[in-house]
Amino acid sequence: MLAKLQLSIEHSKWLEAVRKIPCEMAAEMGIVSKGEHLGFEYRQNGVASFLKVRRELVEDGQVTKTFWIDPKGAALCFWNEDCLGDLSMSGTLVITEGEFDALSFLASGATNVVSVPNGSAGKPGEGDIVPSEDRQFAYLWQDGKLRPGLSNFRKIILATDDDVAGRILRDELAVRLGRPRCWFVEYPPGCKDANEVLIKHGADALQDMIADAKPMVPSQ
């Protein structure tokens, strides 16, 4: 059982001033303070399964971010996975590469938004996909099939980072989720992810990105 944590005043101010994310929403979604670090609760059926802790160091103007899972070795799942539990939902799902990006879409008014718990392996996969051996993407599978909530969405928008690793992750997710129902977003110039869009252009720009998403498999 994870210890009950709360979001500190310092982290609340930082989220609103720097990340432009409402602190009340962040706290409700399980963003907590673990000492001087920020943590993201990953919940299943309303119960915290594990905490992903974020540490940011700034040296010589360079920012280095590291993450770890508490407890170590916990089975990974999507952040905000419980939004997949309502099987009456059959519209659009947004998948991001990070919790701040998912929070940014939620702050813009999107409802069904999850974040992957990790990134890509850094290079495209090879060979057939065997769910029981697909360790990097184990959070997608249940009993050898896609999680029931994932199978229910008609349209999945992949909003991974706009860099090499992010595009690899996007393509690997699309292969597993089914390319015909996957779409991708295009970012405004100078933005690599959804949180940068929120910071620089506001919530409406994120809604425009969803509306203007492009299909992974263009129609002929």
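Two residues are in contact when heavy atoms of theirs lie within 4.5 Å. The model is predicted, so local features need pLDDT of at least 70 and side-chain atom pairs count only at pLDDT 80 or more, whereas totals for chains, interfaces and linings use all residues. Residues are numbered from 1 along each chain as its sequence is written, and side-chain values use heavy atoms, with hydrogens and water left out.

View 1. Strands (E, at least two residues) and helices (H or I, at least four) are DSSP runs, numbered from the N terminus. Beyond its neighbours within four places in sequence, Ser115 touches Phe78, Trp79, Thr96, Glu97, Gly98, Glu99 and Ala102. A polar atom of the Ser115 side chain lies 3.5 Å from the backbone nitrogen of Glu99. Ser115 has a relative accessible area of 0% and is therefore buried (under 20%; exposed is over 50%, partly exposed in between, with a 1.4 Å probe and protein chains only).

View 2. For Cys83, the nearest cysteine sulfur belongs to Cys77, 11 Å away. Cys83 is buried because its relative accessible area is 15%.

**View 3. Helix H5 (residues 164–177) and its cover**. The expected span is 1.5 Å times one less than the number of residues; for the 14 residues of H5 this gives 20 Å, which agrees with the 20 Å between the end C-alpha atoms. Among the buried residues of H5 are Ile168, Leu169, Leu173 and Leu177. Their cover includes strand E5 (92–96), helix H4 (148–151) and strand E9 (155–159). Gly178, with a positive phi near 105 degrees, follows H5.

Methods. Polar contact = N/O pair within 3.5 Å; in protein donor to acceptor, adjacent residues only side chain to side chain. Disulfide = S-S within 2.5 Å.
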